[in-house]
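Please view the chain first.

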Amino acid sequence: MPGHRCIAPGCTSGYDSCSQKYHFFTVPKDTIRLDQWTKAIPRKDFIIKPKQVVCELHFNESDIIRKKVMTDKNGKVLAEALYKIPKLKEGAIPTIFPNCPKYLTKHSNPRKAPLLRNSPKKRKTMTISTQNPFGEFISDLNNECFKNSESNKQNTVEPFSFKTMQENINSIILPTAWSRHDIPNKLIMFSYYITIENESEIPTPIIFKRVCLNINLKANCLVLNAEISINIFGIKAITSVTVLEELLNKFDSTNICKGYKVDSYLKTQNSYVDPIGNIRHISCQFIIEKKDICQYCTCALRSVNRKKLRTSKNIETTSRKINVLLSLSKQPQLKRLQIKYKLIRQKKIRAEALNKKLKNNISYLQDKMSAFSSLSLEDGLDKSVIPYNQRIAINEIVSASKVKNKKGRRYSENWSLLCMLFHIRSPCGYNFLLKNDILPIPCVRSIRRHLSCIDTKCGFDEKFLELFALHLAQKDQFKRHGILIFDEMSTRESVSVNSENLTYTGLIDFGDDGDKGKSFNDKANHGLVFMFVPLTDNYAQPVGVFASKGPTKGVVIAQLVLKAITLLEKAGAFIHGIVCDGAAPNRKFWIEMGISAKLNEVKNWFEHPNDPDRKIFIFSDTPHLFKNIRNRLYNKKKLQINQDEPLVEWNHFQIVYDQDILNNGELRVCPKISASHLTLNSSAKMRVRLAVQVLSNSMAKGLEFYRPYCSQLKDSSATEEFCLKMNMTFDALNRKLINEGISPNSEDYMVLQSTLKWLDDWEQRVVDKLIKTDHFLTSNTAEGLRITLTSSMQICCYLKEKYDINYVLTGKINQDSLERFFGTVRQAGGANDHPATPTFLQLYKMLSVYSVLKPPKTGNCIIENNEPSQSLISLDSIKNIYKNPEKKSVLETIRQKLDFAIEQDDWTIDDVVENSDHDSFLAPVVDCVIYYVTGYLCKQVLRYSKCAVCRSAIIRSNVSFEPVARLTNMKSRGFLLHPNKYFFNFICKIEDLFCKYCMMADVCELILADLLENNTLYFPCFEHSEQVISFSIRYYINMRMRQFSYKHNSEVKKDNMTKKKAAKFTKT
């Protein structure tokens, strides 16, 4: 026990001064023995604590057990083994204290064994024949049985006695090969023996099993002199001849451990040789169930085999153990490293065994799953009532288990659609499942190929709306009624290359019928998104996106709104309202649509473009309105509702907060209010949550509660009423549950009426100059609140009368869905608050596709015949909708234009490319770079063309040492290609044209038009001329566009970083 010290008086065991090592014994946990130890140890007023120890010097040697001895019934020692940790006998007490006076040490003299007293009477002894192989054993048992008979003379005789057993002994049916030996009135022995061969060639009988029954009817079962308890056979005592018969039969049929045989030099310390000659472990169980050898002997045999393997290896082929001479201070470190190495090696072996076991288990399960038939699987799924999407996954897993090679696997369309949705939702999670082979899912490349089928572009994509119409087909008519919301988001100016049509993305784009950017001067920095939100369902679907430079004009917004309403109505939706914020272009849109929110001149709807009998109501974003009300009060510090009432002051909120934080233990009346609610920065002013928590019922109650405690709040009644009014109005305009929906004459409807009258009266006082203009809301906020309150009440009556819709969830009539959409875009776009315009457009495509393809959860489908619901949109429908046989790729377009411009002849590019003087001593740097890039282009062309004529037309057969090839020769290690002179001149012409049109949106078309205008190209191979030249033009232009846009974006990014750093030092 390292770190322990002996508690005996004067003993130094365990201290640094003691160099010898002794074993320590922990004090007993039993209170009685602990008291005995406390009295035995001569220390006054000493209290022994748990886990304290006493060394072995203070115990008699007879009280210490240092080895384990196994003996047979006769006392013969079968095996001995030293304990690694000595033990104390039961009841041992420390009695030796050499460092104390002698009278404190109590030596215990061991008693001698009592003498055997023989009775004066002569006793009859049984004569045993020398020819009997069991005579020696029976003579040994004679004295023992004699002692037992003497000790049991005075015992009361039970009804079934030993005498009764002897009288009925002949009626016992013995098992095969068993025999019986009797000692009258002393012992009955049943034995089963086997014979072993020896050197004298005379078989020697050995008792293998025996059952001994003494006069007390106590039965002892022995296997090779090792005693076995009869409780193993379910028998507690011998009470009849039948029980004895049962014991013999069970003992005879019991399987006995056979042990093992090895050479004598391989015998271990924990084993011994039994009388048969087999080797057994000292803890051998003897009685086993099915196997031939017990677990202890199995472990011993495994250890012996490893030892045998080590000793049998050739010394020359095995590495000898190197004995390193180390100092005493380094030896413990070496020992620790050896132990650590051993543990790691054992851990590795166990891990390999577990890995092998798991692999076998997986193979077994795969074989079992491959045996499933599709019909039995479907029956099991039907009985389990598993959801449809999970059924698809299970079917795909079972199908994958039947295929050994996972390459070239075919997936069902429904499973591919679910995988595509999951990849949109979580690309990292999808890659994790794919990398670890957890589910049989398609590779990312296949998912992107499916996504590329959906060609969502700027504007209102009619094909996407056709796909959305399939989505609406799953809804009942009640859930198709909704509103249209729109808003703009700032983006960073950036451009990217669209490889499909070799155009730039990130420029102004209002769709096929609108304006489009023509050059880099028309880079977009705003994204306008239109979204459809149903009034009674839990989804929101983007339907259109537009890239603009600066905020979109109100006239354009009006045109887009009318077009969006028309297309959505055509897709199956019913539009009843428009929601926007209070930005200047949106108010211009109101004017264009004839909307007015001035006092006593309210017109809050316009005629439906498709149906004159229907109305489109206008709403202002509710959270935005309450945020502006809070900011107005914060900026002006005071507002006045009525000239005869106190002012509404922002300072009252601050006083409540100051009083609230003085309470001990953070006990608060308004626990949600913090310093960020009352001291607003530019970011806090944009947070709606902070606004509604200040203008809340909790703040009103806080003002009422602290008014008696603080004299500064004596005039805070108007502030309290203002908070209550705002709280009730916001709650009425933010109902999201069905049981809270607003209907005509409901409580919330009355609240909206009251608030509208309160707002009109307040503004009328300002008009009458009873209240200062600064003590009222801004005109935009007042008009937005007025038109929202009016439209909310009128749309309830309108839907009830025309469509029999009993309630309206006002929580749907705001821009929350669009703000969450923008938040997702910002989060997915990276660390910047405003993503780049190409990134914004790509994220819009993915999110809009996800929302329209996501299958319904509950309530959107009518389930008939208890069949599982499924989405009506599949990959086939997507491919059919977006299938465009007239659409041509850029490569096909270039080939078509080259049809009449290429003729078969040797390279003659003189008409197209002017002769360049490349024979000067030092070529221009640009020409050297183009020559190097052209060699790389030649390598890409030759990957798809194996024609010898084409090869000779684009590359040289030998290395060129012209000045223009200087860079290529410097970089080459023997594998770079040197282009043909004419092919190099052709690429130089394309480079000149690219430099001329690089900042134009349709750069590829301009280059082709200029390159092929009034010129004819001659190429040696007429069969592959279109393929080689079109591929070369497309590949080079695409490569240069990507390089140019990347460099341009990097420069713009540096300029923006410089502007941001300068803005930090500007006071705002």
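In this predicted model, helix H5 (295-312) and helix H6 (331-370) each supply at least two residues of a positive patch. H5 gives the largest share, three residues. The patch lies on the surface and gathers Arg 302, Arg 306, Arg 310, Arg 345 and Lys 348.

One of these residues, Arg 310, sits in helix H5. Is Arg 310 buried or exposed? Its relative accessibility is 57%, so Arg 310 counts as exposed; the cut-off for that class is over 50%.

A UniProt record, an unreviewed entry, lists residues 334-368 as "coiled-coil region". In the model, the span 334-368 is 100% helix and 0% strand. How far apart are the end C-alpha atoms of residues 334-368? They lie 51 Å apart.

Further along is Gln 559, found in helix H13 (residues 554-571). Gln 559 counts as exposed because its relative accessibility is 53%. Gln 559 and Phe 589 are 30 residues apart along the chain. Their C-alpha atoms are separated by 9.2 Å.

| Residue | Helix | Relative accessibility |
|---|---|---|
| Arg 310 | H5 | 57% |
| Gln 559 | H13 | 53% |

To recap the patch: Arg 302, Arg 306, Arg 310, Arg 345 and Lys 348 carry its positive charge, and H5 supplies three residues of the patch.

Terms used: Residues numbered from 1 in each chain as written. Predicted model: local features only at pLDDT ≥ 70, side-chain atom pairs only at ≥ 80, totals over all residues. Heavy atoms only, no water. Patch = residues over 30% accessible without salt bridge, like charges linked within 9 Å, V, L, I, M, F, W, Y side chains within 5 Å. Areas by Shrake-Rupley, 256 points an atom, 1.4 Å probe, with all protein chains shown as cover. Salt bridge = Lys/Arg side-chain N within 4 Å of Asp/Glu carboxyl O. Lys, Arg positive; Asp, Glu negative; His and termini not counted. Charge placed at Lys NZ, Arg CZ, Asp CG, Glu CD. Helix = DSSP H or I, 4+ residues; strand = E, 2+ residues; numbered from the N terminus. Buried < 20%, exposed > 50% of the residue type's maximum accessible area, 1.4 Å probe, protein only. UniProt positions renumbered as here; feature names shortened; annotations may be inferred.
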